[in-house]
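Hi,

Here is the structure I promised to pass on.

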Amino acid sequence: MKRTSFWSWFWVAIGSLYFFLPLLSTFDFSLRAKKGVLTFIAYENVFKDPQFWSTIRFSLVIALFTVIFSILLVVPTVYWIRLRLPQLRMLVEFISMLSYVIPAIVLVFGLIRVFSGAPFHLTNSYFGTYVLLVAAYVVLTLPFVFRAIDTGMSAIDVRALTEAAQSLGAGRGTILFRVIFPNLRVAILSSVFLTLATVIGEYTMASFIVGIKAFGPYMSLIGQNKTYESSSITIISFTMTWALMMVIQVFNRDKTKRSSLSGVR
Amino acid sequence: MAFIELSNISKVYGTTTVVEKVNLEAEKGEFISFLGPSGCGKTTTLRMVAGFEQPNTGSITLDGADITYLPPRQRNIGMVFQSYALFPNMTVGQNIGFGLQTRKLPKEEIKQKVDEMLAMVHLESHIDKYPYQLSGGQQQRIALARALAINPAVLLLDEPLSALDAKIRVELRLEIRRIQQTMGITTIYVTHDQEEAMLLSDRVVVMSQGHVEQIGPPSRIYNYPATEFVAQFVGQLNLLPVSAVDMASATCTVAGHTIRFETSVARELSESPRLAIRPEELQIGFPAAGEEANTLSGEIASVLFLGAIVRLRVLVNGVLITADIFNERNITFPRAGDEIVLNFSKHACWLI
């Protein structure tokens, strides 16, 4: 008994070191902008840089629209597949996975080639590039948004709930927005946070479509040009992602509490 | 014209006919059950009345209006599901009020109706709870209240008690009957449980393999089954091989005994007719006298104690017959191997 517990702790410790050591070193390095003292000056510099705020705001807005469009696309699609076209599920799941298979660099060149020409001309205006970027991110985040929503939908009896609502006089819109969406709260929230985390740090597509306006390319630029600030920005983006993950955990815990309660019938 | 009419409705999936030429007329306020084994088409028929499926042929009218192809939400039909199908994101009160909200009724009216419905199912104190905080039986009561809140023309129940345990099932079926009687609502109830169907219904529709076998009041279905399927599906039945039939004197030979049977319900006999008799019609012990009495004598093969009844398996010249007798506290059980005499009236048996 003692032996098992020793070895399991041993491996946990090894794993933690592997994970935290580089992070701690980065953090330590980010504090050494001045010789001989530990200082947060690198962080101050980052926070003082107006470009940091403008790029992060830009990426957050793009992420917000990505979230809205992907949820509006995926939830009704998955709903309809579960209700009426279960034979299409495999196909749609395969399509949703394609952005895993195709490297982002290939995807972005393809997008620019297709949508810069007639009839779209999306790259001729700033607004056009924003649209293109959001569309690209919707595709990029499709694998986990689809998964999360599909899992969430499998946890509720979509057919019976739909039929119950129909017999009570509800139309399609009412069913989707008052019955289906609210019951996917946890699934939607986790896909929202995953999308946020992905979109904020994304580099390849952002740098080709909108350039330095987005946070990903900005981070990369800092990384190339400024020694200590690049480490501090790494820590900042890590912290942000972790905060999002923790929010997901909190909501997931809420869900498990509910389901374990409903188990006691 | 009847309140609900199903005329010749059929439903085909691919090459399988699930429902075949079903006809039914139900009067206002009537309680009708669809009874049959799983896969007999009873649920599909109910779903066509609800509007979730559409028949390939035939028509459905409700109060004189053709609703065959009307979408479910325009039918004003209340539906209760086996899985309750309560909206998990809404409280009990919101669930019951949902159908009234989609009808855009004023708030006070909705609240009043919700309270009234909750009182009807005796769950007033649970108005702010969520479905997952309730037991299965309570959830199904709420589902019933929700379906009735919209004042539906017809109430449809699709095996509403199948997911509940035995005790709650018995309680709730009485509740359903009480509420149906007070509201006087026309009800169609799907079940595979014959006891449930007989206890609840004004008329039972026995279905098998997509078609209707018999429609009638429970006692008629039980005592005068129209087909062999009904006879065997509803209740227990002995089917004894018959060696000789004399229709003129209404007698036949079963296991070496001459038996008088009833011919009041004329029916075409199959090639190898059998004598049908319910186990509870057989009396043991004392030989009965008179024109109408039949007697079989044999040897007890086994005795099964079922609580209220004791089931005897009796071998009569190689033919196994089941006889049920009532339990009594001071009963002396017959034992396997005992010689026994079985008596029954000629009205108790008929030829199939």
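**Helix packing in chain A**

Helix H6 (residues 126–154) of chain A and helix H9 (residues 185–201) of chain A have axes that come within 9 Å and cross at roughly 160 degrees. That angle makes H6(A) roughly antiparallel to H9(A), and the crossing is right-handed. Bear in mind throughout that this is a predicted model.

Which residues make that contact? From H6(A) you'll find Tyr137(A), Leu140(A), Thr141(A), Phe144(A), Val145(A), Ala148(A), Ile149(A) and Gly152(A). They meet Ala187(A), Ile188(A), Ser190(A), Ser191(A), Leu194(A), Thr195(A), Thr198(A) and Val199(A) in H9(A). By class, the residues in this contact of H6(A) with H9(A) come out as 10 nonpolar, 6 polar and no charged.

The next pair is helix H3 (residues 50–83) of chain A with helix H8 (residues 172–183) of chain A, which pack at an angle of about 100 degrees with their axes 12 Å apart. H3(A) and H8(A) are therefore roughly perpendicular to each other. On the H3(A) side the contact uses Ile71(A), Val75(A), Pro76(A), Tyr79(A) and Trp80(A), and on the H8(A) side Arg172(A), Ile175(A), Leu176(A), Ile180(A) and Phe181(A). The contact of H3(A) with H8(A) divides into 9 nonpolar residues, no polar and 1 charged.

The side chains of Asp150(A) and Arg82(A) meet at 3.4 Å, N to O. This pair links distant parts of the chain, with Asp150(A) in helix H6 of chain A and Arg82(A) in helix H3 of chain A, 68 residues apart.

For the overall picture, chain A has 12 helices and 0 strands. Its C-alpha trace spans about 75 × 70 × 30 Å along the principal axes.

**A helix pair in chain B**

In chain B, have a look at helix H3 (residues 107–120) of chain B and helix H4 (residues 136–149) of chain B: their axes come within 9 Å and cross at roughly 135 degrees. That makes H3(B) oblique to H4(B), and this crossing is right-handed. Lys113(B), Met117(B), Leu118(B) and Met120(B) in H3(B) sit against Ile142(B), Ala145(B), Leu148(B) and Ala149(B) in H4(B). Sorted by class, the contact of H3(B) with H4(B) has 7 nonpolar residues, no polar ones and 1 charged.

**Where the two chains meet**

The size of an interface is often given as the accessible area lost when the parts come together. Here, the area buried between chain B and chain A is about 2,100 Å², and carbon and sulfur atoms give 61% of that. Arg73(B), Phe98(B) and Tyr132(B) supply 28% of the area that chain B buries against chain A, more than any other three residues. In residue terms, the contact takes 25 from chain B and 22 from chain A.

How many salt bridges cross the interface of chain B and chain A? The rule finds 1 there, and the count over all chains comes to 18. Arg47(B) and Glu163(A) meet through their side chains in a salt bridge, at 2.6 Å, N to O.

That's what I have so far. Happy to go through any of it with you.

Cheers

Notes
Residues numbered from 1 in each chain as written. Chains lettered and ligands numbered in written order. Predicted model: local features only at pLDDT ≥ 70, side-chain atom pairs only at ≥ 80, totals over all residues. Heavy atoms only, no water. Axes fitted to C-alpha atoms, helices over the stretch in contact; angles between N-to-C directions. Helix = DSSP H or I, 4+ residues; strand = E, 2+ residues; numbered from the N terminus. Parallel < 35°, antiparallel > 145°, perpendicular 65-115°, else oblique. Left-handed = near helix turned anticlockwise from the far one by under 90°. Contact = heavy atoms within 4.5 Å. Nonpolar A, V, L, I, M, F, W, Y, C, P; charged D, E, K, R; others polar. Buried area = accessible area lost by both parts, 1.4 Å probe. Salt bridge = Lys/Arg side-chain N within 4 Å of Asp/Glu carboxyl O.
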